[in-house]
Structures are given as C-alpha cells and as structure tokens.
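Here is a short report on a protein fold. It covers a sheet and the nonpolar cores.

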Amino acid sequence: QLQLVESGGGLVQPGGTLRLACEASGWSLDYYAIGWFRQVPGKEREYEQVACISSSGTNTEYADSVKGRFPISRDLDKTTGYLEMTNLKPEDTAVYYCAGDLICGNGMNYWGRGTPVTVSS
C-alpha cells in the first residue's frame with residue numbers, strides 16, 4: 001500500500017515562493033512516478049496536472065501554465081517528492097494534491113488528501 005501526505009500549503013503573497021512536499025509511507029516510491037495536481041476554485045470537478053516526475057527522476061512533465069515556475073523534484077532515497085512553487089500568481093490558488101503510480105497521467109491510483117494554497121496580497 002502506498003500512502004501519500006502533502007504538506008507546505010498556506011497563504012503566500014503574489015510573486016512569492018512556496019515549497020510543497022509529498023511524503024510516502026507503506027510502499028517505497030522507487031517504482032512510482034510522482035505527480036502534482038490542483039483543483040482550482042470554481043472547477044471542483046477538475047484536477048489539472050501541474051507537474052510529474054518519473055520513478056527514476058530523469059523525466060519531468062509540466063503544464064504550460066507553470067512551466068519554468070514550478071520545478072518538481074524527489075529525494076534520492078525516493079521517500080519524498082517536492083514541488084517548488086515560485087513567482088506565484090493569484091490564479092495558482094487551489095488545493096494541491098500529490099499522486100503516485102507507475103507512470104504519469106490522470107489515471108494515477110494513489111492520492112494524498114491535498115493541501116490548500118492561497119495566493120493573495
């Protein structure tokens with residue numbers, strides 16, 4: 001069983017930086033990709049894939065809206081994944097979720113509970 005818990009969310013000013021973490025327990029993350037998704041206000045039925053990193057850490061994917069701003073990474077021991085959110089904008093306000101599975105995509109089977117991020121002055 002793979003269990004994921006997000007942390008690091010909160011209130012941040014526009015242009016600020018926030019680092020999200022996704023800690024795994026149960027199974028190791030050695031064979032799992034880690035993805036970050038967000039649910040924005042007014043689109044509660046949608047989960048936008050923000051970024052994803054392969055199990056090896058070699059390949060990464062980014063949504064156009066965050067490309068160049070939200071680098072994704074993971075620990076060498078494969079225990080924790082990270083999303084470094086820089087130059088945050090009000091439209092980045094959302095509940096952010098981490099997810100894990102063998103490959104990146106919307107069909108990931110293991111999800112965390114989410115951590116809210118609010119970007120406001």
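Which residues have the most contacts inside the largest nonpolar core?

## The main core

They are Leu20, Trp36, Val50, Phe70, Leu83, Met85 and Tyr96, in a core of 26 residues. A nonpolar core is a set of buried Ala, Val, Leu, Ile, Met, Phe, Trp, Tyr and Cys residues joined through side-chain atoms within 4.5 Å. Buried means under 20% relative accessible area, with a 1.4 Å probe and protein chains only.

The model is predicted: local features need pLDDT of at least 70, side-chain atom pairs count only at pLDDT 80 or more, and totals for chains, interfaces and linings use all residues. Residues are numbered from 1 along each chain as its sequence is written, and side-chain values use heavy atoms, without hydrogens or water.

## Contributors and a second core

Valine 50 touches Trp36, Phe37, Arg38, Glu61, Tyr62, Ala63, Val66, Phe70, Leu83 and Tyr96, leaving aside neighbours within four places in sequence. Contact here means heavy atoms within 4.5 Å.

A second, separate core has five residues, including Ala33, Phe37, Cys52 and Met108.

## The open sheet

Four strands form an open sheet in the order E1-E3-E8-E7, with antiparallel pairing. Strands are DSSP runs (E, at least two residues), numbered from the N terminus. Two strands pair if DSSP finds at least two bridges between them. The edges are E1 (2-7) and E7 (72-74), each pairing on one side only.

Inside the sheet, E3 (residues 18-26) runs antiparallel to E8 (residues 80-85), and six bridges join them. Arginine 19 has glutamate 84 in E8 as its bridge partner.

Conventions: Buried < 20%, exposed > 50% of the residue type's maximum accessible area, 1.4 Å probe, protein only.
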